[in-house]
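Here's a friendly walk through one protein model.

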Amino acid sequence: MDRIFQEIKKLTDIPSYSKHDRFVQGIINAINEKVIGQDEMLPSVNKLIKELGFSRETIIKGYRDLISRGIVESKNRHGYFVANSNAEQTLNVALLMYNLDSFEEQFYRNFRQELGPNIRLNPYFHHGDIEIFETILNQIKGKYGMYVIAPIPHPKTKELLEAIPRNKFLMFDRYEPLEGEFNHITQEFGESSYRILAELAPKIRRFDEIIFYHSPASLDPKEIVPSFKKFLKDFNIKGRIIKEYTHGSVEKGKVYFTLDNFALWQIMRDCKSQQLVPGKDVGVLSSNDEPAKEIIGVTTFSADFASMGKLAGQAIVNKDKISLTVPTILFERNTL
């Protein structure tokens, strides 16, 4: 019994966990760690009150929650017993993403396929809004066996993610530093974007200027900004940063670099209307490769989101530890 109490007490330092959360997740963890097995008796309400200092209402409510999930059963006058030693079945996977752009859909489809038919996957979308991010995490905490999360660069993010048990957490897409070791399959933007721009320097030089569209208020990775400025300086290339693209402003002799798909397609549309040939009259560079950009022939640089999804799914199914920064790949096509 002592080890069951220890599993519950381990969660004391997670600030976002209520006593109810700690009790429920502690019992689940005890089952997952084989501290107690199927059909074995769990501590009585009175014993738990004495050992944990929780109220009777908290303990009874926690047991009811576990009963409703099919993990615990109550045998009249005999107490509470483990109904299912495979608490991993409650390890339904929560996937918290930015949104479902086409490149993120590549991650989702491959991730879903690797999980297989026996694992339930519930996707959520935070749209880069920290309030939505926090609300979702508070709503789903303690209800899933794995949390696969694309974090938001924000001062509150670290505290929110630290509340998730490390053995149930996998970070993907963007990297946010946390204390100690944790599982992640993420991108890197600073060094990789500089490397890509340096590789493209001979082609960029054929044009008069490169314009990078980046708004500080956008969700675009801010690490690319200093890399872009360093590239201009190191290669003595004329360029500037503008907050957003203005419809109809495309000019011959410019390279247009944008991370925003809406701006990209508007630039391509304006090139067509002004009879400017991408790759000859103007240059166009984008990020986050996807089938549409491949078909149109847009030069991009991107992480392999399909591979990221496969690796994430395999790590969960195989219960592997993973700490991986996926490479950024340049796809040279007609527009540059």
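## Before we start

A quick word on labels: helices (H or I, at least four residues) and strands (E, at least two) are DSSP runs, numbered from the N terminus. Also keep in mind that this is a predicted model.

Most residues other than glycine have a negative phi. Gln275 isn't a glycine, yet its phi is positive, at about 55 degrees. You'll find Gln275 in the loop between helix H10 (261–273) and strand E11 (283–287). Gln275 counts as exposed because its relative accessibility is 70%, and the cut-off for exposed is over 50%.

Asn288 also has a positive phi of about 55 degrees without being a glycine. This one lies in the loop between E11 and helix H11 (291–296). Is Asn288 buried or exposed? With a relative accessibility of 17%, Asn288 counts as buried, since buried means under 20%.

## The nonpolar core

In soluble globular proteins, nonpolar side chains tend to be buried together. Here, the largest nonpolar core has 41 residues. The members touching the most other members are Phe107, Phe111, Phe133, Leu137, Ile149 and Leu161. Several elements each supply at least two residues of this core, including strand E3 (93–97), helix H5 (102–115), helix H6 (130–140) and helix H12 (305–318).

Let's zoom in on Phe107, which counts as buried because its relative accessibility is 0%. Leaving aside residues up to four places away in sequence, Phe107 touches Leu95, Met97, Phe172, Phe305, Met308, Gly309 and Ala312.

## Rings that pair up

How many aromatic pairs are there? The count comes to 18.

Phe107 and Phe111 make a stacked pair instead, 5.5 Å centre to centre with 20 degrees between the planes. The two lie in helix H5, four residues apart, or about one turn of the helix. Phe111 has 0% relative accessibility, so it counts as buried.

## A cluster and a charge

Elsewhere, ring pairs join Phe212, Phe228, Phe257 and Phe301 into a cluster. Finally, take a look at Lys75: its charged end sits over the ring of Phe81, 4.5 Å from the ring's centre.

Definitions and conventions: Residues numbered from 1 in each chain as written. Predicted model: local features only at pLDDT ≥ 70, side-chain atom pairs only at ≥ 80, totals over all residues. Heavy atoms only, no water. Core = buried A, V, L, I, M, F, W, Y, C linked by side-chain atoms within 4.5 Å. Buried < 20%, exposed > 50% of the residue type's maximum accessible area, 1.4 Å probe, protein only. Contact = heavy atoms within 4.5 Å. Phe/Tyr/Trp six-rings, centres within 6.5 Å; stacked < 30°, edge-to-face > 60°. Lys NZ or Arg CZ within 6 Å of the ring centre and 35° of its normal.
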